[in-house]
Amino acid sequence: ASEGAKLIPTNARNKLIEEGTQKVGKELMERGLEGLAKLKQKNVEGIDELINDISKAVLNKSEQVNVGNLKGALAHAEIAARPEYIDNVIAVKKQIQITGVKGTDIDILLKDGKIVEAKNSYELATMGKGSELDRFREQISKLGLYQKQHNVSAGVEVVSTQGFSSEVIAE
């Protein structure tokens with residue numbers, strides 16, 4: 001994980017290691033930073049944006065660690081660097097344009113066009129109801145529309161930091 005920590009700008013690194021680890025847990029922090037280093041080594045498109053997201057989650061106007069954003073960024077790195085994805089990842093945090101839809105991004109884009117939506121376990125636990133579920137369904141729908149516009153039928157997979165994985169057919 002120390003190689004991944006070295007990628008974080010010095011002004012954010014100490015706060016990330018001390019306060020960030022307390023907030024998100026040692027395991028997610030280590031796996032996320034380890035994943036960050038692997039993605040950087042492979043020069044994956046979007047890696048610098050992901051590093052920036054981690055820094056911004058730690059250093060922001062409120063001076064409090066933005067736990068949700070930090071967990072999300074670490075989850076992106078941890079999941080993208082898993083053995084089943086690392087050799088096929090072409091981009092993380094890829095900004096996309098969809099005709100008729102306000103901008104959105106792809107968490108992890110694989111070579112075959114498959115999209116991996118990375119979720120930390122907390123997001124997954126709270127997503128099963130109300131507005132969170134509606135927002136998630138809307139996001140999956142956008143990703144499906146993007147794939148259709150690019151003639152890709154590889155589908156969308158939802159993966160969590162706790163090992164949950166599910167194929168989702170975007171309507």
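A salt bridge is a side-chain nitrogen of Lys or Arg within 4 Å of a carboxyl oxygen of Asp or Glu. The model is predicted, so local features need pLDDT of at least 70 and side-chain atom pairs count only at pLDDT 80 or more, while totals for chains, interfaces and linings use all residues. Residues are numbered from 1 along each chain as its sequence is written, and side-chain values use heavy atoms, with hydrogens and water left out.

**Exercise 1.** Find how many salt bridges the rule gives.

Solution. The count comes to 11 salt bridges.

**Exercise 2.** Describe the salt bridge of Lys26 and Glu30.

Solution. Step 1: the N to O distance between the two side chains is 3.8 Å. Step 2: Lys26 and Glu30 lie four residues apart in helix α3 (residues 26-41), so about one helical turn separates them; helices here are DSSP runs of H or I with at least four residues, numbered from the N terminus. Step 3: Lys26 is exposed at 57% relative accessible area, and Glu30 is partly exposed at 37% (buried means under 20%, exposed over 50%, partly exposed in between, with a 1.4 Å probe and protein chains only).

Conventions. Helix = DSSP H or I, 4+ residues; strand = E, 2+ residues; numbered from the N terminus.
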